[in-house]
Amino acid sequence: MPLLSFARQEDDLVNDDMQWQQLEIYRKQPLSLNNADVVELTSLGLLTSLQIDELVAYKKQFGKLLSIYELQAVPGFDETTIQLILPYVTVAEDPKIIQGEHTFLVRNNLVKYRSSTIGVQLKKDNYSAYYFIKNHRKIKALAIGDFTVNMGQGLINWQAYALGKNGMITHIKREGEIIRGSTSSGVNRGAAITLQHGRLETTAIISVSQIGANIVYKLPQAHLSINWLNQSIGLDYAISLRNYHFFGELAVNHKKAIITGMLASIGKIADLALFYRNYNTAYIPLHANAMAENSRPVNEEGLYTGISIHTLKHWQLDAYADVFHFPWLQYRTTAPADGQELFAALTYTPDKETRLYFRYQFKQKFQQSKSDVFLPPMMKTTHENYRFQLSLSPSKGLTWKMRIEANTWQDENGNQYGGLYQQELVYQLPNWPLRCSLNYIWYSTQGTDTRFYIPDRGVLYDYNLSQLYGKGARQSCTLRWKKGRHLQAWTRLEAGGPVTLQVTYVI
């Protein structure tokens, strides 16, 4: 499971199979850091804009990387980042291509040959399929069938992997390829192509539900892009000046929406983030997915500021503050409202096998009272979250993880409390291709306002985000049998739940 090695991102897990599958492809066929452009580096989903800019500038000044360990000399690449990307990258000029690689899964069929990919997924009530070409002569990307569209900062359209507000403050900027083949539901079905002409890239999109285009003009440290999709049109930009990276987007659909942000790196001391958003009440973003307090970028104005401090060896502090305002009525409100959120996370990693993590989150918002009057008055709500995690490997092949979490909710009706305890034990048999994972979760909440969200990791390519409230316990066992590089078999058993079996064979 590629992203699980990145502990900070695991804390803010997003349920997106596409990104996991993309990293699985890079694990089998590493990305050449010497040949990769900005878009390909972005497609990893593991590097920030500042890190990508620093890597491009480093290669321009000193030439191509001679060794993967030379990344230690690139500004912005700390030990955590290097360990994170190592399984998916190489410095080889012509990395070995697995010709005709064919992977067959119960739920996903993926065929990759050179620069082409074919994906098929069959379900009980629907299906999805695509043919995707990447970096073939002047064709930057070509998708036929089901594909995703990602433009700018998400004000017009964003269907791929994206994080909202989280502890990784340098990931507030949306990064991704404009088009990509997909076997996920709810995406475009049709055709799209991106052509490259020197510094100019043009994209045309024709699908059952959307028609659009994108034009990007690129410079070594900047780009300017015009986006059009159905009734929406927008302009986005990005520019890097020394240790500062500025980005933003302006979109219009009946009314306008604006995003402007900045990322800054203060050497190896700290990283800073600033993100301002203003989404008009009458803005209609049918397919948008920009960073916001609510699920849709509409009827909201806010300012997000974040800092990541890593001056002390083995220690890291991530924190952000976000203040926001809703100019008009919305769900569960009867008047304009304000809110604020504070977040702080402290991480201690004394070695590669041990990690301690503690976080505190505070959110205050207004919503309508639960009284029975025609127009209930507004009441103030306060939500606090405390989380402690410990991960260690006491011996070779054995990993133990523990998580303790508490939620509190306060409004005019009183307080609610919730608690959760989770532990996971993973053991790889030393002389046998079998790995066993035992997972136990206990939870108790006094209502849905103190519910917990737990990443539910099952078999390969099966990731969910479970919502737990009430009282209960869950026990599960996952077995993985891996024979060489060709055959894998997964079994997941859950007490009182379903039994999942998956077999994967790679030729």
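# Notebook: cavity lining, salt bridges and a few loops

**Entry 1, the largest cavity.** I sorted the lining of the largest cavity by class and got five nonpolar, ten polar and five charged residues. For the classes, I took Ala, Val, Leu, Ile, Met, Phe, Trp, Tyr, Cys and Pro as nonpolar, Asp, Glu, Lys and Arg as charged, and the others, Gly among them, as polar. A note on what I am looking at: this is a predicted model, where local features need pLDDT of at least 70, side-chain atom pairs count only at pLDDT 80 or more, and totals for chains, interfaces and linings use all residues. Residues are numbered from 1 along each chain as its sequence is written, and side-chain values use heavy atoms, with hydrogens and water left out.

The structure has four cavities of 30 Å³ or more, and the largest cavity holds about 230 Å³ of space. Of its 20 lining residues, Gly45, Tyr161, His171, Lys173 and Glu175 are the closest to its centre. A cavity here is a set of points, on a 1 Å grid over the protein atoms alone, where a 1.4 Å probe fits but cannot get out, and lining residues have an atom within 4 Å of a point. Grid points are joined across faces, edges and corners, and the volume is the space filled by probe spheres set on the points.

Of the 507 residues, 49% count as buried (buried is under 20% relative accessible area, exposed over 50%, partly exposed in between, with a 1.4 Å probe and protein chains only). I also looked at contacts (heavy atoms within 4.5 Å). Among those between residues at least 6 apart in sequence, 50% join residues at least 24 apart.

Side chains of opposite charge can pair when their charged atoms come close. I found 17 salt bridges in the structure, each being a side-chain nitrogen of Lys or Arg within 4 Å of a carboxyl oxygen of Asp or Glu.

Lys173 is buried at 10% relative accessible area, while Glu175 is partly exposed at 25%.

Next I took Lys363 and Glu293, a salt bridge with 3.0 Å between the closest N and O atoms. Lys363 sits in strand β20 (residues 354-368) and Glu293 in the loop between β16 (270-279) and β17 (300-309), so this pair ties together parts 70 residues apart in sequence. Lys363 is partly exposed at 24%, and Glu293 is buried at 13%.

Arg403 and Glu405 also meet through their side chains in a salt bridge, 2.6 Å from N to O. Both ends came up buried, Arg403 at 8% and Glu405 at 6%. I then followed shared partners, and salt bridges join Lys165, Arg277, Glu293, Glu300, Asp322, Glu341, Lys363 and Lys365 into one network.

Gln361 is in strand β20. Its side chain makes a polar contact of 2.6 Å with that of Glu341. A polar contact is a pair of N or O atoms within 3.5 Å; within protein, one must be able to donate a hydrogen and the other to accept it, and residues adjacent in sequence count only if both atoms are side-chain atoms. Leaving out residues up to four places away in sequence, Gln361 touches Tyr320, Glu341, Leu342, Phe343, His383, Glu384 and Asn385.

I placed Glu177 in the loop between β7 (139-149) and β8 (179-181), buried at 7% relative accessible area. Its side chain has a 3.0 Å polar contact with that of Lys134 and a 3.1 Å one with that of Arg180. Not counting residues up to four places away in sequence, Glu177 touches Val39, Ser43, Lys134 and Asn150.

Asp449 is in the loop between β24 (434-445) and β25 (452-457) and counts as buried at 17%. I noted 8.6 Å between the C-alpha atoms of Asp449 and Tyr469, which are 20 residues apart along the chain. Beyond residues up to four places away in sequence, Asp449 touches Lys370, His383, Trp409 and Gln416.

Ser371 is in the loop between β20 and β21 (378-395), and at 32% it counts as partly exposed. With residues up to four places away in sequence left out, Ser371 touches Pro376 and Pro377.

Notes:
Helix = DSSP H or I, 4+ residues; strand = E, 2+ residues; numbered from the N terminus. 1 Å grid on protein atoms, 1.4 Å probe; cavity = no way out; pocket = protein on both sides within 12 Å on 5 of 7 lines; lining within 4 Å.
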